[in-house]
Each structure stands twice: as structure tokens, then as C-alpha cells.
Amino acid sequence: MNDSNKNQKRGSDVVDVVVIGAGFAGLYAHYKIREMGLSIQGFEAGPDVGGTWFWNRYPGARCDIESLDYSYSFSAELLNEWKWSERYATQPEILRYINHVADKFELRRDITFNTRITACTYDQAENLWTVESGQGDTVRCTYLMTTTGCLSTPKDPEFDGLAEFKGQWVQTSTWPRDGVEFAGKRVAVIGTGSSGIQSIPEIAKEAAHLTVFQRTPNYTIPARNAPIDPEWEAKVRKDYVEHHRRNKETKGGVQSKLSTGLMTFDVDKEERLATFEHAWQFGSAGIQNVYSDLLSNPEANVTVADFVQNKIRSIVKDPETAERLTPKDHPFATKRLCLDTDYYDTYNRPNVDLVDVRATPIETLTAAGIKTTEKEYPFDLIVFATGFDAMTGPLLALNIKGVDGLLLKDAWKDGPASYLGLMMAGFPNLFTVNGPGSPSVLANMVPTIEHHVDWIADCITYMREHKVTRIEPTMKAQASWAQTVHDVANHTLFPLAKSWYMGDNVPGKPRVFLAYVGGFSNYITRVAEIVTGGYVGFKLSSDHSESDKSA
Ligand code: NAP
């Protein structure tokens with residue numbers, strides 16, 4: 001699949017741009033930077049392109065944005081030639097798409113694979129970044145772009161006794177490339193976020209017995225996945241480029257097919273239930289937006305939470321299991337809403353059990369399996385679907401050192417500080433694609449990636465045209481953006497849940513809302529105004545002067 005390593009630069013070098021990561025964001029960055037005629041060096045920890053879609057190959061992995069929307073829009077030719085087969089694409093199909101893009105535009109050419117970056121250091125005197133890998137690669141660059149993904153640093157299994165366990169264990173986030181055999185095995189899955197909820201029904205079909213260890217029940221909606229509806233596809237394809245442009249004018253980066261434009265209590269109970277039922281039958285995370293106040297008004301949220309809780313009770317035959325699967329400690333969709341195929345129904349299978357690890361916590365792993373406070377369960381295979389150190393983890397892992405030796409980990413000790421999720425004060429000419437404080441994980445990732453990469457490309461062009469050699473946000477603008485991110489989050493119910501959005505899943509991580517919840521379209525407008533105003537909130541300097549456009 002990849003013979004590009006032959007052409008790669010090794011050793012010490014100076015290039016215009018270094019791009020770290022070769023998933024959706026990294027590949028588009030390569031396309032864009034090369035189009036600008038700049039020199040580029042990419043690094044990717046994995047052996048090939050794909051990022052999150054390379055690693056997360058667990059059974060049942062698929063996107064929860066419709067395929068026709070989860071596509072690059074930068075090339076009309078690419079849009080028109082690629083045909084998706086299902087409404088929600090599987091991981092293998094998305095990886096085929098990413099490979100097709102890499103092949104079509106020859107994007108592997110400047111990427112060194114199997115190479116994890118372990119240090120990025122800013123040299124003030126030279127105004128260059130030095131980027132180093134664990135294998136001894138050293139490259140210097142004028143502009144550094146991180147395209148390391150938001151959910152790419154897996155949380156290591158945090159259980160005592162792991163080394164004692166004699167069976168096999170795997171993580172959904174780094175699934176073995178040659179697959180995992182379940183047939184005839186006693187399998188455990190720990191974790192019921194999106195990865196657990198997608199993989200559990202598939203594992204249950206093959207395993208002799210499956211035990212799910214659940215800490216917090218999550219809300220999930222049936223995806224109703226199917227082959228793409230040809231009528232819908234024809235309609236979208238008639239004006240495909242325009243369809244994608246319109247996606248960028250929406251809050252979530254995708255046009256809603258379910259939003260009523262109304263508030264919850266604008267309508268009576270009967271109409272509300274009919275609307276929720278329609279959304280449930282339709283199958284989309286868009287159920288959370290059918291009424292505009294569902295994620296901001298607690299009473300409104302209860303109406304949809306009740307609706308879904310009743311669905312759980314109607315599907316799951318054993319009332320005790322149904323009760324255990326019913327979320328009670330957070331408002332609907334304030335932990336990331338999942339889309340599933342037969343998730344709740346899976347608990348009606350005779351070979352599936354559910355253990356509530358809040359009631360009976362896991363004490364330790366043993367040679368034979370998992371020991372809770374209640375009993376020891378023997379297993380042949382344990383699947384950890386325990387999530388990621390989201391948003392900040394991938395950036396902190398780069399050991400970034402900025403002006404005056406400032407370490408990113410120190411700058412972020414109270415939580416990530418960034419201007420627009422694009423740049424950080426004290427780290428000049430370092431651009432983060434979908435960094436903390438950007439809409440990113442709350443929107444369709446592909447258009448948000450395209451928007452960030454385009455913005456960065458335009459910024460670099462501006463710098464070169466105006467002889468600007470250094471750009472970084474002011475502390476004031478950065479603090480003001482952090483306040484905005486905090487304020488808009490506090491107008492919603494999101495902070496009421498213990499979730500990875502808030503950093504709650506990683507012990508010791510500061511509790512800060514990690515994404516901008518004000519909407520992708522609002523964000524695009526704000527960012528455009530900042531540029532039109534001459535990069536408001538950024539410090540631009542040339543070798544001879546400095547200008548500070550305070551926000
Ligand atoms: P996650 O949402 O963080 O879920 C991790 C699960 O593991 C949670 O149920 C968590 O319980 C549990 N857990 C963690 N540590 C545990 C421990 N020590 N003991 C017991 N349980 C533990 O991770 P994820 O499922 O990998 O999903 C992460 C994100 O990736 C998603 O929210 C989504 O944004 C993205 N994703 C998307 C798709 C898709 O597009 N379809 C698919 C997969 C993932 P608590 O809730 O109690 O912490």
C-alpha cells in the first residue's frame with residue numbers, strides 16, 4: 001500500500017512547513033501547502049495514512065456523520081468520482097477513501113511513516129522550529145502544523161493486575177491489523193462510549209459469551225444504517241459542491257434533516273413525542289437538535305431524555321438490565337451522543353451480561369480475568385473501549401517548547417489556552433488544526449479541518465506577502481477567547497456531565513470545556529472578521545518591527 005518511504009528526506013533539513021499527522025487533516029494540509037509551492041515534510045506515527053481511521057478498526061466501527069457529508073469538498077472531481085456504499089460508512093470504506101485521496105493527489109510523497117514526533121522546539125534566534133522524532137530524525141521548519149487529531153492519544157488501561165492476565169487483551173483505539181478472533185471465547189468489554197457501543201453488538205454475535213463492564217450508561221440512538229438512498233444521493237450530487245458549502249453555514253457542519261426550528265415548549269406533548277419518534281425512526285444524532293433548546297434548557301432536555309429512556313425499557317426485556325442501561329446522572333447528549341446498530345437489543349441475547357461497575361467496581365485484573373468487589377469473572381479476551389486523552393493529549397505528547405523555553409505542558413497546567421483553537425501565545429508560527437477551543441469534535445470534522453487548513457494557508461500567504469516573519473496571538477486575545485469558550489459552554493447543559501469534553505475521563509486533567517460550542521458557522525464568521533480586521537488579536541512581526549492588533 002505504501003512505497004513512499006523510498007523518497008523521503010532523512011537527517012537534518014530546513015523546510016517551509018512540517019506537518020505532524022497524516023489523517024484527514026494532515027493529508028489536506030499536504031495538498032494545500034504543496035499547491036502554495038512551499039516545501040513540506042510530513043511525519044506520521046503509523047505505517048500509512050488514515051489517522052483515527054487507520055487505528056480504530058474494531059468490529060462495527062463506522063462514522064456517525066452521513067457519508068455524503070463526511071467527505072472532502074476541496075476537489076469537485078474527487079467529490080464526484082467517489083461513491084459511498086452506505087449511509088454511514090464503515091471504517092474499512094473510509095480508510096479506502098483516504099487511501100484513494102492519498103493516491104490520487106500523491107500525498108504520501110513527503111511523509112515519513114512509522115515516525116512519532118517526540119519534541120518540537122522553537123529557536124528564537126533563527127525563528128525556526130526544530131522537530132525531532134524518537135528515531136533520530138531532525139527537521140527544522142518556518143511553520144509547524146499539528147494535524148494530530150482530537151482523539152488519537154488512547155488512555156492506557158488503568159487497571160491493577162493487567163500484567164497478570166493470561167488471556168489476550170486489546171484496545172479498540174489500536175485494534176490489531178490482522179483482526180481478533182472471538183469465536184468460542186469468553187469476552188469482556190470495558191467501556192460503553194461510542195467505541196464500546198459500536199463494537200458490543202458485533203462481538204456478541206461471535207463470542208461464546210460477552211460480559212460488558214459499564215461505568216456510566218450512555219444515550220444512544222439507532223443509526224438505521226442502510227445502503228445509500230439513491231434518491232437522496234441523486235439530489236445531493238446534483239449540486240454536490242454547493243451542498244458542502246451549505247454545510248459550512250451550519251452549526252454542526254452538516255445540514256439538519258430533523259431540526260424543527262422550534263423550542264421544545266412551543267408545541268404540546270403529543271406533537272413533541274411524534275417529533276421524537278420521527279427522529280428515532282430516522283436514525284441520526286440530529287435528534288438532539290430537533291428543538292433548539294434541548295441542550296440548554298434542563299426541562300426541555302428531560303422531555304427527550306424521558307423519550308429515549310422509555311425506548312430503552314421497551315427494547316430491553318429484562319427490567320433490571322434495562323434499568324442499568326438507563327442514564328440517570330447526566331442530561332441527554334451532554335456526554336457525546338452515540339449512534340448504534342442493535343445496541344440495546346444485544347442485551348436480550350442469552351450470551352450477553354451487563355455488569356455495573358459503579359455498584360461493583362473492578363478491583364483488579366487477575367490471571368484468569370476480572371475481579372470486581374462481587375466476584376471474579378474468567379475471560380479469554382478483554383477489550384478495553386476506555387477512550388482517549390482528548391484534544392490536549394496529542395499536542396502535549398509532542399513536548400512542545402516555545403519562546404524562552406516555555407513548555408506547552410506548563411502553559412496548559414490549568415487547562416488548554418489557545419486563540420480560536422488555531423494558535424497559542426508563546427508558540428509563534430505553530431498552527432494547530434482543530435486545536436482545543438475550536439468547534440472540532442462538536443461538528444462534522446471534515447469541513448472543520450478544511451476550514452482550519454485553508455485559514456492557516458491564507459495566513460502563511462499573508463505573512464509572506466507582507467514580509468511578516470512571526471505570528472502569535474496576544475495573551476489578551478487568548479484569554480478573551482478562553483472566556484468565550486467557557487461562557488458559551490456555560491449557556492448549555494454540557495458542563496453538567498462528567499465527560500471527556502470536560503477532561504473528566506483523565507485523572508488530574510483540569511476541568512475545562514475543550515471545544516467551542518457556539519457553532520461552526522458563528523466560528524467561521526468570527527475568524528473571518530479577525531482576518532478582515534488585519535489579524536485582530538495576533539502579534540505580527542517582521543525582522544524589523546512588531547505590530548500588536550489587540551482584540
Ligand atoms: P469514551 O466515550 O471516552 O468512552 C470510554 C468508556 O470507557 C466510557 O464508558 C467510560 O466510562 C469507560 N471507562 C473509562 N475508564 C474506565 C475505567 N477505569 N473503568 C470502567 N470504565 C471506564 O471513548 P470512546 O468510546 O472511544 O469514544 C470517544 C470519542 O471518540 C467519542 O465520543 C466520539 O467522539 C469518537 N468516536 C466516534 C465514533 C463515530 O464516529 N462513530 C466512534 C468511536 C469513537 P465513563 O463514562 O464512566 O467515564
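Colleague: Leaving aside its neighbours within four places in sequence, which residues is Gln171 in contact with?

Modeller: Keep in mind that this is a predicted model. Gln171 is found in strand E7, which covers residues 168–171. Once you leave aside its neighbours within four places in sequence, Gln171 is in contact with Pro154, Lys155, Asp156, Pro157 and Phe384.

Colleague: Is Gln171 buried or exposed?

Modeller: We go by the relative accessible area, and a residue counts as buried when that is under 20%. Gln171 has a value of 10%, so Gln171 is buried.

Colleague: On to the ligand. How far is a polar side-chain atom of Lys155 from a nitrogen atom of the ligand?

Modeller: A polar contact needs a pair of N or O atoms within 3.5 Å. For the polar side-chain atom of Lys155 and the ligand nitrogen, the distance is 3.3 Å.

Colleague: How much of the ligand does the protein bury?

Modeller: Taken alone, the ligand exposes 910 Å². With the protein there, the buried part of that area is 89%.

Colleague: Which helix gives the largest share of the shell around the ligand?

Modeller: The ligand is surrounded by 25 residues, with Arg62, Glu158, Ser195, Gln198 and Thr216 the closest. By type, the shell divides into eight nonpolar, nine polar and eight charged residues. The largest share, three residues, comes from residues 194–206, that is, helix H5.

Key: Residues are numbered from 1 along each chain as its sequence is written. This is a predicted model: local features need pLDDT of at least 70, side-chain atom pairs count only at pLDDT 80 or more; totals for chains, interfaces and linings use all residues. Side-chain values use heavy atoms; hydrogens and water are left out. A residue is near a molecule or strand if one of its heavy atoms lies within 4 Å of it. A polar contact is a pair of N or O atoms within 3.5 Å; within protein, one must be able to donate a hydrogen and the other to accept it, and residues adjacent in sequence count only if both atoms are side-chain atoms. Accessible areas come from the Shrake-Rupley method with a 1.4 Å probe; for residues, only the protein chains shown count as cover. Helices (H or I, at least four residues) and strands (E, at least two) are DSSP runs, numbered from the N terminus. Ala, Val, Leu, Ile, Met, Phe, Trp, Tyr, Cys and Pro count as nonpolar, Asp, Glu, Lys and Arg as charged, and the others, Gly among them, as polar. Buried means under 20% relative accessible area, exposed over 50%, partly exposed in between (1.4 Å probe, protein chains only). Contact means heavy atoms within 4.5 Å.
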